[in-house]
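Please consult the sequence and the model shown here while reading.

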Amino acid sequence: MRLSRYFMPILKENPKEAEIVSHRLMLRAGMIRQQSQGIYSWLPLGKRVLDKVNNIIREEQNRSGAVELLMPTLQSAELWQESGRYDAYGKEMLRIKDRQERPMLYGPTNEEMITDIFRSYVKSYKNLPLNLYHIQLKFRDEIRPRFGTMRSREFLMKDAYSFDLTKEAAEHAYRKMFTAYLRTFSRLGLRAIPMRADTGPIGGNLSHEFIILAETGESEVFSHKDFVNFDIPAEDISFDDVATMQAVFDKWTSVYAATSEMHDEEAFNAIPEGDRLSARGIEVGHIFYFGTKYSEPMGAKVQGPDGKEHLVHMGSYGIGPTRLVPAIIEASHDENGIIWPASVAPFDVVVINMKPGDDACDRISQIVYGGLQTVGKDVLYDDTDERAGTKFATADLIGVPFQVIVGPRSAAAGEVELKNRKTGERETLTVEAAMNKLAGR
Ligand code: ATP
Ligand code: MG
């Protein structure tokens, strides 16, 4: 992408409304724009990061055996009257009427709708286990939307829903998602700690929140330090193996971790003082097993091997991609801007042409830009007429992992400077050596 033809509205000034660093940097880097309170557009640079986050989530959901579909944002109130949540949900639910005066709502979550889909088609235990998910916008009329897309009113959620014949099978489904979540957050460059959680309005009896530690987090959390060293389950782990999933779950729930709602002072104080971690955190995922809470009022039953009808046992599993983007920034930035983990960076490399119009600079920049694209890299080419200082500041701000700096003197000698955004290391290399290095050869 040539920067001169791109749309990346960088702000020079620090926006006053931004209280936390991720919000400030997302606005300054031209990633998002607030359209009304708690409702955002994702501008091109932000959209690229969001897509990468969604793809990692999707790959790990698929790997665990979940199946993607897409449900609408607008739902009919009838379904929610069936489950009893239409009245219970309160003011967070945005209620709408269509032209026939039919009550509708902008979905804050999808348990009812997925249960309706399930009961319409699945009649036998032979079609179980089943886990269906989508990545779709939600709306919750939060009292205090704040921190940009960290807590917005309209936000994206990956929500998955599992269906099983028995409680035991549903607990295995829960542990599969638990494992998929560990892998997902790790691939996003985050260390998320699963914490025993309250089940809240979704209801049920087994629940974990996945929390990443950050000073600006809204939750108060307490845990054992050991989590920092636990191994992440491997890519080829067997999700269908009950004992394997149990072992992952047992390991990751073997030491103390709880949010303030579930905090047990006595258990926490039993941890040696040096191993206690009392911090603030950001909830990036939340999983629940809630048994027959929805299948019962909504009549979602399957025929079991015994020939009888059984209510299905369900769980639901949420991740917030539009919250994850600022959460990643909270965890990875410096005074000059964002430092993206490679897996979610909007571009892999930015080529900075220091003197557009100079033959050597244009030629070398073009070679690097074109060459890296042919090996599958996402490359941003800064071909604008801005001052060198502005170009460097922009490249640092948007946090692309590598910068290739093409200046007139080195270009004439067939060389470029390669800068690692994270470490700040710079080295002068021949064009070929720089390209080989960036292509991973
Ligand atoms: P919170 O406690 O932060 O209000 P929640 O418990 O209401 O969140 P869940 O219903 O568990 O949220 O939703 C699943 C995931 O969706 C959360 O873990 C979070 O990543 C994301 N999420 C929830 N509310 C918001 C929001 N207002 N803005 C952005 N993401 C959100
Ligand atoms: Mg939650």
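In this predicted model, an N or O atom in the side chain of Arg323 lies 2.9 Å from an oxygen atom of ligand 1. Further polar contacts to this ligand involve Arg151 and Gly285. They are set out together below.

| Residue | Part of the residue | Distance to an oxygen atom of ligand 1 |
|---|---|---|
| Arg151 | polar side-chain atom | 2.8 Å |
| Arg323 | N or O atom in the side chain | 2.9 Å |
| Gly285 | backbone N or O atom | 3.4 Å |

Ligand 1 is surrounded by 14 residues, and the closest are Glu142, Arg151, Ser152, Glu283 and Arg323.

Glu283 also takes part in the metal site: together with His286 it coordinates the magnesium ion (ligand 2), through OE of Glu283 and ND1 of His286, at 2.1 to 2.5 Å. Glu283 has a relative accessible area of 24% and is therefore partly exposed. His286, at 14% relative accessibility, counts as buried, because the limit is under 20%.

The largest nonpolar core comprises 80 residues, and Met31, Phe185 and Trp340 have the most contacts inside it. Helix 6 (residues 167-187) supplies the largest share of this core, nine residues. Domain 1 (3-338) and domain 2 (349-439) each contribute at least three residues to this core.

Leaving aside residues up to four places away in sequence, Trp340 touches a set of residues including Met31, Val49, Val325, Ile398 and Pro401. A second, separate core has 25 residues, among them Ala77, Tyr89, Phe118 and Phe288.

Terms used
Residues are numbered from 1 along each chain as its sequence is written. Chains are lettered from A and ligands numbered from 1 in the order in which they are written. This is a predicted model: local features need pLDDT of at least 70, side-chain atom pairs count only at pLDDT 80 or more; totals for chains, interfaces and linings use all residues. Side-chain values use heavy atoms; hydrogens and water are left out. Donors are N, O and S atoms within 2.8 Å of the metal (3.2 Å for Na, K and Ca); water is not among the atoms, so sites may look incomplete. Buried means under 20% relative accessible area, exposed over 50%, partly exposed in between (1.4 Å probe, protein chains only). A nonpolar core is a set of buried Ala, Val, Leu, Ile, Met, Phe, Trp, Tyr and Cys residues joined through side-chain atoms within 4.5 Å. Helices (H or I, at least four residues) and strands (E, at least two) are DSSP runs, numbered from the N terminus. Domain bounds come from an automatic or database domain assignment. Contact means heavy atoms within 4.5 Å. A residue is near a molecule or strand if one of its heavy atoms lies within 4 Å of it. A polar contact is a pair of N or O atoms within 3.5 Å; within protein, one must be able to donate a hydrogen and the other to accept it, and residues adjacent in sequence count only if both atoms are side-chain atoms.
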